[in-house]
Amino acid sequence: MSMIRDLRAAVRPARRRDDSPYRTESPAPACANSAVVDCGVYRDGHRMPGHLSPAEAIAGVRDEGGFVWIGLHEPTEAEFAGIAQEFGLHPLAVEDAVHAHQRPKLERYDDTLFTVFKTVHYVEHAELTSTSEVVETGEVMCFTGPNFIVTVRHGGQGSLRALRHRLQEDQERLAKGPSAVLHAIADQVVDGYMAVAGAVQDDIDEVEIDVFSSGTNGKGAGGKGAGGPGTAKGGDAGRIYQLKREVLEFKRAVSPLLRPMQLLSERPMRLVDADIQKYFRDVADHLARVNEQVLSFDDLLNSILQANLAQAAVAQNEDMRKITAWAAIFAVPTMIAGIYGMNFQYMPELHWKYGYPAMMLVTVSICLGIHRGFKRNGWL
């Protein structure tokens, strides 16, 4: 009894969370003011009735069997210390769970599996700009033991509330124990990846259309039209770079998770039910497909960026040709004026009555001829 009292004291909050959107799902007084979002005991796929504190749930599992699922949202060290001590969680894993910002991974500490998932959320935006946030990441850490699973969530998205309700309706799977919960979390995270990948694909398609349509507005660099590659949007490069940064963040969430999913689906583990391991294979397959898609995003954005830079180079060349053509045209009157400005006494047509009009006519004729030649060659 003294141990239970100490545990209750340990899990009491160091700060209030009454204003958080991630409060306890049911009005359980024992958990309302702590980082504990929900705490339940499950036996044979059924959730035991009543609102239990973590200490009461742990004691009930040890006395009568089943397993306990404790969900926490951004706990402090003080809030997590009692639970960590009661389950014998490794200090290194506890430190990772409290401070977050971890890569997806799977680690084994004695009789506990520590799994880190990166959750990804697509940020809706009316228009993609060079500063748009496309994906937002969070984290879900899972401590899986023989008779418990502790989930620690960081970030404002990736809630497990709906998942808990769905699992409670699937009593046959929930009866498999904590590994069934671990699989359900992995499956939900990877399903989220697939949804985000589809939305990011739409953004990439939009950028691709903008970039390549801007290069086909005219008749090309060598044609007579005023369009051509020179009409590429100056903001396209910024949008592409921003999208590449967001895809890179997405990739950091997906790629490192491949190895943990392979281990959970292929290597026999005492803490993972054999029937549940078959479901992990499906999750690993979906994750591999998402990873291939994210890698293709990166390659496609590189191609789009190179095309955009090529359009910018062509536009600069076209501008330089125009500048050169006009410089050549204006060089004619400049040259003639320079010659007749040397003030020699004996110069052709210098004292002729029609000398000035004649030289103006010659100057204009030469300029028009040069202009026509440049126009014919597409320089103007």
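The model is predicted: local features need pLDDT of at least 70, side-chain atom pairs count only at pLDDT 80 or more, and totals for chains, interfaces and linings use all residues. Residues are numbered from 1 along each chain as its sequence is written, and side-chain values use heavy atoms, with hydrogens and water left out.

Strands here are DSSP runs of E with at least two residues, helices are runs of H or I with at least four, and both are numbered from the N terminus. Two strands pair if DSSP finds at least two bridges between them. Strands of a sheet pair through backbone hydrogen bonds, either parallel or antiparallel.

Now look at strands 5 and 6. They run antiparallel and are joined by 10 bridges. Val120 has Thr137 of strand 6 as its bridge partner. Glu139 and Lys118 meet through their side chains at 3.3 Å, N to O. Glu139 sits in strand 6 (residues 135-144) and Lys118 in strand 5 (residues 112-122), 21 residues apart. Are these two residues buried or exposed? Glu139 is buried, with a relative accessible area of 4%. Lys118 is buried too, at 16%. The classes are buried under 20% relative accessible area, exposed over 50%, and partly exposed in between, using a 1.4 Å probe and protein chains only.

Axes are lines fitted to C-alpha atoms, for helices over the stretch in contact, and angles run from 0 to 180 degrees between N-to-C directions.

Helix 4 (residues 91-99) also packs with helix 3 (residues 77-87), at an angle of about 145 degrees and with the axes 11 Å apart. Glu77, Phe80 and Ala84 of helix 3 meet Val94, Ala97, Val98 and His99 of helix 4, where contact means heavy atoms within 4.5 Å. By class, this contact has five nonpolar, one polar and one charged residues.

Return to the salt bridges. Lys176 and Asp275 pair through their side chains at 2.9 Å, N to O. Which parts does this pair tie together? Lys176 lies in the loop between helix 6 (171-174) and helix 7 (178-214), and Asp275 in helix 10 (residues 274-340), so the pair ties together parts that are 99 residues apart in sequence. Lys176 is partly exposed at 34% relative accessibility, and Asp275 is partly exposed at 33%.

Asp285 pairs with Arg289, their closest N and O atoms being 3.3 Å apart. The two are four residues apart in helix 10, so about one helical turn separates them. Asp285 counts as partly exposed at 41% relative accessibility, as does Arg289 at 45%. Elsewhere, salt bridges that share partners join Asp38, Arg47 and Arg164 into one network.

How values were computed:
Nonpolar A, V, L, I, M, F, W, Y, C, P; charged D, E, K, R; others polar. Salt bridge = Lys/Arg side-chain N within 4 Å of Asp/Glu carboxyl O.
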